[in-house]
Amino acid sequence: MKRKLGPANALYPSLTTIVGTVVDGRPNFSAIAHVGIMNHGQPQYISIGVNRAHYSGRGIKEHKSFSVCVPSEALVRETDYVGLVSGKNTDKSDVFEIFNGDVPGAPMIEGCPVCMECRLTQTVDFPAHEVFIGEIVNTYADEAVLTDERVDIGKVRPLLFDMASVKYWSLGKEVASCWSVGKGLKKERRGG
Ligand SMILES: Cc1cc2nc3c(=O)[nH]c(=O)nc-3n(C[C@H](O)[C@H](O)[C@H](O)COP(=O)(O)O)c2cc1C
């Protein structure tokens, strides 16, 4: 028997990211965990949900771009910091060593093992948040987190965000192979 919880969002954990923008001519970084994959194919689109009160949104709208970097567990303090203070009253441009790619207005973080620079393609308006959808123009990854030229999440050690416990969690062990572990059941249900 399940307890009815009302419209509680139980879609956690989500990936903790750091979104890079340029606001009022200055790089700004903010922790963003409400991220989504919008179009898995070509082009690749991802979304970020940003509260209207935040400073970051201004830069995204001005430059029509943003970056999304994935911090590892080692960057937990800095990640939390850029999620605690606003660029409105604190200069966060010197928290990280920054690099730029091909997209203006999308500064990225050397210390994050994976970064994506995005061009804004669409904005979806909600009462409290704006969901910015961006096309991934380029992805940058440290050699150390690659296995066979692909980003290896076991090496990235991302920070998982949970709203219920208000904690960062780490990735556990792999469970099984996708599009594979269910094959036996598929066969059984077909009756062999
Ligand atoms: C782990 C974590 C995740 C967060 N995720 C989001 C998010 O998805 N959307 C959002 O609007 N704010 C989120 N925040 C809050 C912003 O990062 C925070 O308000 C920040 O100070 C905004 O900075 P800015 O005003 O410079 O843009 C998160 C904070 C933390 C610590």
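The side chain of Ser93 makes a polar contact, at 2.6 Å, with the side chain of Asp91. Keep in mind that this is a predicted model.

So where does Ser93 sit in the chain? Look in the loop that runs between helix H2 (76-81) and strand S7 (98-99). Is Ser93 buried or exposed? Ser93 counts as buried because its relative accessibility is 18%, and the cut-off for buried is under 20%. Leaving aside residues up to four places away in sequence, Ser93 touches Arg26, Pro27 and Ile98.

Now over to another loop. Pro43 lies between strand S4 (35-39) and strand S5 (45-51). With a relative accessible area of 28%, Pro43 is partly exposed. Pro43 also pairs up with a residue from elsewhere in the sequence: 93 residues separate Pro43 from Ile136, yet their C-alpha atoms are 7.5 Å apart in space.

| Residue | Relative accessible area | Class |
|---|---|---|
| Ser93 | 18% | buried |
| Pro43 | 28% | partly exposed |

Last stop, a hairpin. Strand S13 (residues 159-162) and strand S14 (residues 167-170) run antiparallel, and four bridges join them. Across the pair, Asp162 stands opposite Lys167 in S14. How many residues lie between S13 and S14 in the hairpin? There are four, and Val166 in the turn has a positive phi of about 50°.

Key. Residues are numbered from 1 along each chain as its sequence is written. This is a predicted model: local features need pLDDT of at least 70, side-chain atom pairs count only at pLDDT 80 or more; totals for chains, interfaces and linings use all residues. Side-chain values use heavy atoms; hydrogens and water are left out. Helices (H or I, at least four residues) and strands (E, at least two) are DSSP runs, numbered from the N terminus. Buried means under 20% relative accessible area, exposed over 50%, partly exposed in between (1.4 Å probe, protein chains only). A polar contact is a pair of N or O atoms within 3.5 Å; within protein, one must be able to donate a hydrogen and the other to accept it, and residues adjacent in sequence count only if both atoms are side-chain atoms. Contact means heavy atoms within 4.5 Å. Two strands pair if DSSP finds at least two bridges between them.
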